[in-house]
Amino acid sequence: MKILVTGAAGFIASRVVERLLKEGHEVIGVDDFDIYYSRGQKEKNLMPVLLHPKFKLIEDNLATMALVTVLKGTEAVIHLAAQPGVRGSWGSSFHRYVTNNIQVTQRLLEESKANKLKRFVYASSSSVYGDVGEVLNEEMKCQPKSPYGVTKLAAEHLCQLYNLEYKMPTVSLRFFSVYGPGQRPDMAFHRFCQNIIHEAPMTIYGDGKQIRDFTYVDDVVEIIAASLLAEVVGQVINVGGGSPATLLEAAALLEEISGKTSPKTFLERQKGDVFSTRADTAKLERLFGSKPKMSLKEGLAREWEWMKKFVQSEDEEKAIKSNVQIIGGADEADLAEAKAEAKSHRKAKLKAKAGKNSKPAPDNSSSDSEAPES
Ligand SMILES: NC(=O)c1ccc[n+]([C@@H]2O[C@H](COP(=O)([O-])OP(=O)(O)OC[C@H]3O[C@@H](n4cnc5c(N)ncnc54)[C@H](O)[C@@H]3O)[C@@H](O)[C@H]2O)c1
């Protein structure tokens, strides 16, 4: 199949791309490397697939780019691009959520009408529920508690509308706190690992007793890949049920895995932070015949291993940059040259690593991390 994956450089999407390429699909990835978090992390996400002959990356903004050419001949769209994060969705950044979550989804649906798509998979979120119950099932009335949740729900409704009125083969998958290698830096496990490595206190919003249904990234990827063929058109489905735990329990597990303890700093509960998100997975199991299976301990151990390597490579890059600054006493031209040299050195390193990783594509045996938001 020829598949468009949006937000391809992101945490979940980059692993989806890897998986689809392993299955022999042709993949077009679109990502604008938005500024929500570092470009460096996103480039690393894509390293294993960058040189794959069946992968094409387009760096552009889905809110403004011409979609006709990208969608031509595309048989499925896996739409993961979004502005994530519950905390940041309050206040003046809200326009980013409206554009990247609602308008981009509407554009993609509208432009896909002319194509005979086999599937349009939309990445929804447990944040659409709000505090409506302890165990959340798809029949419950959604009452999002954050502006982020509102935009994710609005886009889910758009998918339903295009399914009803234009027979668009949409399916909305509601992800629950995804964690694993490559996790976004704003999410709790990523931050906790950083805190442990840098011997800093763990910062926890609220009392840490909030429950999350932590779901390992490769379990999510498995369901996304299966949704291309499963009989799920028109459905909204929870993708969670991996490992419910409180944040404090998860933090303690990380301490056990790393062999290091870390003091905790408790910060004010964040607006929009719900008490409990646990997924009812009856529908997921009925439609896919499976559910997430990774234990939190094993998943966290994989995230921890990834994180150690990630921090080490970040430190190396910082060292290269600081070398450049030492030369900074020289004139502008020297400085520019030194910077360009450091950049090309870094690029060559990335390419070399990507080359090494792309043949054969590495086994998906790593993965980890995540926090109380989505
Ligand atoms: N991570 C979770 O726990 C979680 C939980 C529930 C739902 N989700 C949903 O899953 C999806 C992926 O989440 P993630 O954690 O991998 O996020 P991510 O931020 O790592 O990935 C999103 C990617 O989309 C790109 N993007 C954003 N706006 C774009 C635009 N206008 N044009 C092109 N690219 C754009 C970003 O640059 C980023 O690389 C999102 O839709 C998110 O709402 C994630």
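Axes here are lines fitted to C-alpha atoms, for helices over the stretch in contact, and angles run from 0 to 180 degrees between N-to-C directions. The model is predicted: local features need pLDDT of at least 70, side-chain atom pairs count only at pLDDT 80 or more, and totals for chains, interfaces and linings use all residues. Residues are numbered from 1 along each chain as its sequence is written. Helices (H or I, at least four residues) and strands (E, at least two) are DSSP runs, numbered from the N terminus.

**Exercise 1.** Determine how helix 4 and helix 5 are oriented to each other.

*Solution.* 
- Step 1. The axes of helix 4 (residues 94-112) and helix 5 (residues 147-166) lie 9 Å apart, and the packing angle is about 10°.
- Step 2. Angles under 35 degrees count as roughly parallel, over 145 as roughly antiparallel, 65 to 115 as roughly perpendicular and the rest as oblique.
- Step 3. Helix 4 and helix 5 are therefore roughly parallel.
- Step 4. Residues are in contact if their C-beta atoms, placed from the backbone, lie within 7 Å. Among those making this contact are Phe94, Tyr97 and Val98 of helix 4, and Pro147, Tyr148 and Thr151 of helix 5.

**Exercise 2.** Describe the form of helix 4 and the surroundings of its buried residues.

*Solution.* 
- Step 1. From first C-alpha to last, the 19 residues of helix 4 reach 26 Å, close to the 27 Å expected at 1.5 Å a residue. The expected span is 1.5 Å times one less than the number of residues.
- Step 2. Helix 4 has a kink of about 30° centred on glutamine 103; the bend at a residue is the angle between axes fitted to the seven residues ending there and the seven starting there.
- Step 3. A residue is buried if 20 or more other C-beta atoms lie within 10 Å of its own, exposed if 12 or fewer, and partly exposed in between. The buried residues of helix 4 include Tyr97, Asn100 and Asn101.
- Step 4. These buried residues pack against helix 3 (68-71), strand 4 (76-79), strand 5 (119-125) and helix 5.

Terms used:
Two residues are in contact if their C-beta atoms, placed from the backbone, lie within 7 Å.
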